[in-house]
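Thanks for passing this one along. Here are my notes, jotted down while going through the coordinates.

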Amino acid sequence: MKKYRTPQILDFPARTWPGKKITSAPEWCSVDLRDGNQSLVTPLTLAQKLEFFDYLVGVGFKEIEVGFPFASESEYSFVRKLIEENRIPDDVTIQVLTQSREPVIRATFDALRGAKKATVHLYNATSPLFRDVVFGNSKEETIALAVFGAEMFVKIAAEFKAAGGREEFSFEYSPECFSQTEPDFAVEVCNAVISRWEGYRTIMNLPFTVESLTPNVHADMIEYVCSRLLNRDKITVSLHAHNDRGTAVAATELCLLAGADRVEGTLFGNGERTGNADIITLAMNMYSQGIDPGLNFSNINELVKLYEGACCLPVHPRHPYAGELVFTAFSGSHQDAIRKAMARRKPDDLWEIPYLPIDPADVGRGYEPIIRVNSQSGSSSAAYILETQFGIHLPKQMQRDFGPIVTAFSDKHAAEISAEEISALFRETYVVESPYKFAARKHYVQENDSSTLTCDVEYNGKIIEISGTGRGVIHAFCNALKNAFGLNIDVGHYNQHTLDTTEGAAAPAITYMELIANGKSRFGAGISRSTTNASLKAVISAVNRGV
């Protein structure tokens with residue numbers, strides 16, 4: 001293709017980042033209230049911004065970019081309200097953005113008057129495309145513009161101090177479109193700014209304003225520039241990735257390996273075009289590797305609700321860690337693996353569950369929705385639902401019998417089948433009381449190896465007394481059915497347990513019964529507070545299913 005330029009590859013054999021691993025969390029800076037807000041169709045109201053700010057603080061952000069005060073009265077007013085109403089905790093630094101023009105810089109500093117801690121963020125575009133096409137600036141003019149802004153910062157900060165101000169300022173510089181800027185020129189611009197900011201906390205933010213390179217090349221650029229910055233040990237190198245290629249999270253992670261110290265991003269990656277790096281995903285990726293991210297996303301449902309309500313943007317059901325379906329398995333083989341691992345895991349074991357990189361409980365999710373059932377699900381999926389939500393522990397043989405029934409139901413309705421529907425389908429299928437119905441047990445006599453049972457069975461609305469002898473009560477009942485109705489049946493598999501309910505010892509029993517006749521097998525179930533009656537009802541259910 002001749003339409004698009006071949007991406008640049010940095011000749012940098014001295015790279016070291018591929019052999020490294022992330023061992024600690026970076027400094028985090030939320031840009032939801034500036035970068036995120038400016039990308040919304042309907043920007044946040046003042047009340048929404050305040051609520052969002054409070055939530056970001058509660059999550060644990062210590063740096064929050066709150067706006068571009070010169071851009072509009074609403075942006076300026078929000079910053080002032082935060083300061084004047086003392087809404088900013090002492091350990092939180094607010095950040096504001098400015099262009100390299102004196103009126104804009106002065107208005108930006110003015111918005112920060114009285115702030116305890118604030119970062120003033122200067123930017124100008126440095127890439128050849130912007131230099132040549134947008135601004136018509138030379139390299140020298142581009143550097144001069146950055147230096148002008150840097151020197152204005154120092155001058156105005158000194159004026160604040162001379163006037164008795166106690167504001168603690170940090171300075172940040174972004175060579176906009178860094179990823180499309182020649183690396184050596186980016187170093188030259190950044191060093192020109194750094195040399196003017198001696199004595200101030202300095203952040204060099206190296207943004208992928210438009211993500212145009214593969215993550216490994218981004219990492220090469222970061223390591224290359226980091227190794228050439230003045231006073232590198234005193235400089236905070238920051239990342240600000242956009243997601244045009246869909247790899248903002250990957251690029252950010254590789255650039256942390258390459259030496260970056262700080263990450264700017266947004267919740268759920270909200271931002272212009274395809275968005276920003278998603279801080280939730282980045283932080284939870286670290287959490288899943290045993291690294292404390294320093295941010296608390298333990299109530300992800302509450303965060304989703306806040307975000308969707310304020311931003312009017314949906315969180316995709318497959319969004320990492322936060323989506324409605326990310327801890328859900330429909331595939332039968334996935335469900336079987338999850339179920340077995342969950343049953344074997346002990347409370348103090350490492351979290352090693354197939355298909356679940358983290359424990360859903362760590363983000364405030366329950367276990368109920370992990371396995372959901374549709375036509376793609378296996379035989380164990382419905383069994384898991386019955387067991388965890390209704391206390392019904394289907395034996396293996398019965399699971400294999402019930403699975404196709406559930407699949408057929410889901411296929412017929414072309415939809416997911418709910419837990420309540422699974423429970424109802426189980427009872428409809430296996431607890432069958434027509435045409436035969438166990439009515440009452442009259443007496444049961446056990447003598448040595450022989451048992452005699454007499455009971456009532458309702459058949460097509462008529463009560464009939466039946467009697468039989470066998471090796472136990474179930475065998476005797478089967479013989480009684482044979483004597484009365486000519487049913488020649490044998491017992492195959494048999495299981496019984498108390499239903500898992502809150503009733504404790506008073507809980508009813510459930511029996512699962514397989515009957516075999518003429519080479520055919522049918523399962524039935526019976527439920528009663530009497531264990532014997534539960535077994536006899538299970539026999540009747542299997543008979544009614546057509547043995």
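The points below cover helix packing, a surface patch and a few backbone spots.

1. First, a reminder that we're looking at a predicted model, so please read every value here as computed from that model.

2. Let's start with helix 6 and helix 7. Helix 6 spans residues 139-162, and its axis comes within 9 Å of that of helix 7, with a crossing of roughly 30 degrees. Angles under 35 degrees count as roughly parallel, so helix 6 gets that label relative to helix 7. The handedness of this crossing is right-handed. On the helix 6 side the contact uses Lys-139, Thr-142, Ile-143, Ala-146, Val-147 and Ala-150; helix 7 answers with Phe-185, Glu-188, Val-189, Ala-192 and Val-193.

3. Helix 7 (residues 183-194) also packs against helix 8 (residues 215-226). Here the angle is about 45 degrees and the axes sit 10 Å apart, which is why I'd call helix 7 and helix 8 oblique to each other. Helix 7 passes helix 8 in a right-handed crossing too.

4. Which residues form the nonpolar patch on the surface? They are Leu-129, Val-133, Val-134 and Phe-135, and together they have about 410 Å² of accessible area. Phe-135 belongs to helix 5, which covers residues 128-135. Worth a look when you colour the surface by residue type.

5. Have a look at the peptide bond between Ser-434 and Pro-435: it is cis, with omega at about 10 degrees. As for where this falls, Pro-435 is in the loop that runs between helix 15 (419-430) and strand 9 (436-447).

6. Two non-glycine residues with positive phi are on my list. Arg-273 has phi near 60 degrees, and it isn't a glycine; you'll find Arg-273 in the loop between strand 8 (262-265) and helix 10 (279-288). Asn-460, likewise not a glycine, has a positive phi of about 50 degrees. That residue, Asn-460, lies in the loop between strand 10 (450-459) and strand 11 (462-470).

How values were computed: Residues numbered from 1 in each chain as written. Predicted model: local features only at pLDDT ≥ 70, side-chain atom pairs only at ≥ 80, totals over all residues. Heavy atoms only, no water. Patch = residues over 30% accessible without salt bridge, like charges linked within 9 Å, V, L, I, M, F, W, Y side chains within 5 Å. Areas by Shrake-Rupley, 256 points an atom, 1.4 Å probe, with all protein chains shown as cover. Salt bridge = Lys/Arg side-chain N within 4 Å of Asp/Glu carboxyl O. Helix = DSSP H or I, 4+ residues; strand = E, 2+ residues; numbered from the N terminus. Axes fitted to C-alpha atoms, helices over the stretch in contact; angles between N-to-C directions. Parallel < 35°, antiparallel > 145°, perpendicular 65-115°, else oblique. Left-handed = near helix turned anticlockwise from the far one by under 90°. Contact = heavy atoms within 4.5 Å.
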